[in-house]
Amino acid sequence: MYKIGVIPGDGTGPEVVREALKVLESVSELDNFKYELTYYDFGGDRYLATGEVLPDSAIGEFRKLDAILLGAIGHPDVKPGILEKGILLRTRFELDQYINLRPVKLYPGIETPIKNKGPEEVDFVVVRENTEGLYAGAGGFLRRGTPDEVAIQESINTRKGVERCIRYAFNYTRERNKEKNLTLCGKTNVLTYAFDLWERTFYEVAEEYPDIRTDYAHVDAICMWFVKNPEWFDVIITDNMFGDIITDLGAMIQGGMGIAAGGNINPEGVSMFEPIGGSAPKYTGMNVINPLAAISAVQLMLDHLGEKLAAVRIEKAVIKVTSEKLKSLAAGQMGYSTSEIGDMVAELVREG
Ligand code: IPM
Ligand code: MN
């Protein structure tokens with residue numbers, strides 16, 4: 001019995017989560033696993049009504065779960081940063097979800113903005129460090145608001161934190177068993193402390209993985225190659241900030257935010273899965289937003305929980321939908337409503 005926490009969140013979050021849960025129900029029947037859902041109403045509305053972002057007790061409850069499914073966080077009436085930091089980042093940090101796993105896979109039938117590239121070329125995974133770097137919140141102001149103001153934002157990179165991510169990435173590359181190539185993405189020519197640690201650790205750990213080829217690319221060059229030669233990549237490991245940036249670029253070349261999903265993973269603890277697009281407030285309640293990213297988040301969740309067969313079923317059904325059904329991934333232009341797509345995927349998984 002899997003204990004799954006569900007945070008539908010803001011905007012279109014609840015709509016896409018509803019569809020994703022239809023698909024979960026469908027595969028659970030086929031693959032004979034049971035689960036129990038616990039809903040949490042954290043998000044903008046609750047914050048506006050009560051002033052509470054995430055009560056301390058919630059983290060304790062999260063720890064008892066097997067996984068969390070998150071819809072979307074972000075509310076037009078709440079100042080940017082409050083919900084993101086208070087819910088998403090706090091959960092990542094407190095549950096020590098030190099991996100942010102973001103597959104960048106272009107499915108057949110989906111349009112990519114990059115010319116002459118298709119599903120064969122766009123299929124790689126970014127492993128982003130998820131609890132350190134510039135996100136650690138280290139730094140401060142001096143003489144704030146005066147002409148002599150100083151603002152410092154430091155990137156924290158610990159040997160332990162870097163090494164555990166690098167190890168995860170090597171193991172992941174081995175298990176993925178595609179090109180068996182792991183690329184370190186950094187900026188060793190300028191960030192000569194942080195990425196010196198990353199680079200040394202990377203090549204030290206690499207010695208334990210003689211079956212995995214390694215290479216290195218600067219983050220700026222990676223941005224260029226994602227667009228020009230995405231087929232060069234298999235698995236990429238990078239720090240928190242660079243990972244944040246390159247995975248938005250990755251999401252675009254796989255077709256956009258309507259399809260991109262990710263996992264905040266603590267391999268030894270409780271992980272959280274999410275469609276990486278935002279809460280799309282202007283489409284709220286209209287039944288026009290694409291639920292495929294949320295459905296793919298469930299796929300990542302099941303794969304993580306060890307329900308590999310169920311995960312494969314979901315991916316197959318999603319591919320069927322993208323290649324044979326949808327006109328577009330864009331809200332309102334899909335040719336189907338949000339709930340119709342959920343029904344369709346839930347039905348297709350049964351057909352196998
Ligand atoms: C992401 C988001 C978050 C991040 C924001 C919402 C804090 O952009 O998951 O990539 O920067 O990590
Ligand atoms: Mn981001």
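Me: Which residue ranges does the domain assignment give to domain 1 and domain 2?

Reply: The model is a predicted one. According to the domain assignment, domain 1 is made of two segments, 1–110 and 257–352. Domain 2 is assigned 130–253.

Me: How many residues does each domain bring to the contact between domain 1 and domain 2?

Reply: The centres of the two domains, taken over C-alpha atoms, are 25 Å apart. Counting heavy atoms within 4.5 Å as contact, domain 1 supplies 19 residues and domain 2 supplies 15 residues.

Me: Which helix gives the most to the shell around ligand 1?

Reply: The residues surrounding ligand 1 are Glu-84, Leu-88, Arg-92, Arg-102, Arg-128, Tyr-135 and Asp-244. Five of the shell residues are charged, two are nonpolar and none is polar. The greatest contribution, three residues, comes from residues 82–94, which form helix H4.

Me: What percentage of the accessible area of ligand 1 does the protein cover?

Reply: Side-chain polar atoms approach oxygen atoms of ligand 1 at 2.7 Å from Arg-92, at 2.9 Å from Arg-102 and at 2.8 Å from Arg-128. On its own, ligand 1 has 320 Å² of accessible area, and the protein covers 73%.

Technical notes:
Residues are numbered from 1 along each chain as its sequence is written. Chains are lettered from A and ligands numbered from 1 in the order in which they are written. This is a predicted model: local features need pLDDT of at least 70, side-chain atom pairs count only at pLDDT 80 or more; totals for chains, interfaces and linings use all residues. Side-chain values use heavy atoms; hydrogens and water are left out. A residue is near a molecule or strand if one of its heavy atoms lies within 4 Å of it. A polar contact is a pair of N or O atoms within 3.5 Å; within protein, one must be able to donate a hydrogen and the other to accept it, and residues adjacent in sequence count only if both atoms are side-chain atoms. Accessible areas come from the Shrake-Rupley method with a 1.4 Å probe; for residues, only the protein chains shown count as cover. Helices (H or I, at least four residues) and strands (E, at least two) are DSSP runs, numbered from the N terminus. Ala, Val, Leu, Ile, Met, Phe, Trp, Tyr, Cys and Pro count as nonpolar, Asp, Glu, Lys and Arg as charged, and the others, Gly among them, as polar. Domain bounds come from an automatic or database domain assignment.
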